[in-house]
Amino acid sequence: SDMFLSCQSLKSLDLSNFNTSNVTDMSDMFSGCKNLTILPKITVKPSSTQNMFYDCQNLTEIPEDFFDNFDWSYMTGSTSGTGWSGGAMDNMFSSCYSLRYIPIHKIKSKPDINGSNSYLYKGFSYCYCLDELVDLPLSFTEAWDSNTFGSGPYFGSFIRVSRLKSLTFALNEGQPCVMNWKNQT
């Protein structure tokens, strides 16, 4: 965790000469890298992606192939992760002011995660330039009874995502997913 936390001058990095396959806790990995514009190719097995890109203000896109070398087995297993942040994905893209595209359909999540640790919780707040969020994955099995999509006037899943043209949730074999949620806004 915190590998490049607050490296505010960092614009790009090349990790091709490093073995990243044992990297698991990716929480705050690029958090606060305000000038980061190009993400490195990495092979990882994440157990947490909480705040991973938080406040990457100049990042314009997450490349379509960025998540291709992610082994999501920790995240998709019911006993995923270790420590206090095991499986947490909240606040993953928040405050990425310039971000226009995320291949969100490639993200895998812990099915039994609670709403406040899911990628939806504060996930896209302040992504002013985001064009669309299509096929948001809904692999969650837990009953959520507190509001995952908003937490006051300043933080919520889609607060200040003012350019968004399309927002859809993924279907399950062509049918809408039925979730065991209540008290959602």
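Mentor: Let us start with one residue and its neighbours. Lys 34 is in contact with Gln 8, Asp 55, Cys 56, Gln 57 and Asn 58, leaving aside residues up to four places away in sequence. Please keep in mind that this is a predicted model.

Trainee: What is the average pLDDT of the protein chain?

Mentor: Confidence is given for each residue, on a scale from 0 to 100. In this chain, 95% of the residues score at least 70. Over residues 80-84, however, pLDDT stays under 50. The average for the protein chain is 91.

Trainee: Where does Lys 34 lie, and is Lys 34 buried, partly exposed or exposed?

Mentor: Lys 34 is placed in the segment before H1. A residue is buried under 20% relative accessible area and exposed over 50%. Because the value for Lys 34 is 24%, this residue is partly exposed.

Trainee: How far apart are the C-alpha atoms of Lys 34 and Lys 11?

Mentor: Along the chain, Lys 34 and Lys 11 are 23 residues apart.

Trainee: Which residue forms a salt bridge with Lys 34?

Mentor: A salt bridge requires a side-chain nitrogen of Lys or Arg within 4 Å of a carboxyl oxygen of Asp or Glu. For Lys 34, the N to O distance in the salt bridge is 2.5 Å. The partner is Asp 55.

Trainee: How many residues apart in sequence are the parts that this pair ties together?

Mentor: Lys 34 and Asp 55 both lie in the segment before helix H1 (73-76). The pair therefore ties together parts whose separation in sequence is 21 residues.

Trainee: Is Asp 55 buried or exposed?

Mentor: The cut-off for a buried residue is under 20% relative accessible area. Asp 55 has a relative accessibility of 11%, so it counts as buried.

Trainee: Which side chain makes a polar contact of 2.7 Å with the side chain of Asp 55?

Mentor: The side chain of Asp 55 makes a polar contact with that of Lys 34 at 2.5 Å. Beyond four places in sequence, Asp 55 also touches Gly 32, Cys 33, Ser 94 and Ser 95, among others. The polar contact of 2.7 Å is with the side chain of Gln 57.

Trainee: How many salt bridges does the structure hold?

Mentor: One of them joins Glu 64 and Lys 106, with the closest N and O atoms 3.7 Å apart. Glu 64 lies in the segment before H1 and Lys 106 in the loop between H1 and strand E1 (132-136), so this pair ties together parts 42 residues apart in sequence. The structure holds seven salt bridges.

Trainee: Which residues does one network of salt bridges join together with Asp 131 and Lys 165?

Mentor: The side chains of Asp 131 and Lys 165 meet in a salt bridge, at 3.4 Å from N to O. This pair links distant parts of the chain, with Asp 131 in the loop between H1 and E1 and Lys 165 in the loop between E1 and strand E2 (166-169). Asp 131 is buried at 19% relative accessible area, whereas Lys 165 is exposed at 64%. Through shared partners, the network also includes Arg 100 and Arg 163.

Notes. Residues numbered from 1 in each chain as written. Predicted model: local features only at pLDDT ≥ 70, side-chain atom pairs only at ≥ 80, totals over all residues. Heavy atoms only, no water. Helix = DSSP H or I, 4+ residues; strand = E, 2+ residues; numbered from the N terminus. Buried < 20%, exposed > 50% of the residue type's maximum accessible area, 1.4 Å probe, protein only. Polar contact = N/O pair within 3.5 Å; in protein donor to acceptor, adjacent residues only side chain to side chain. Contact = heavy atoms within 4.5 Å. pLDDT = per-residue confidence, 0-100.
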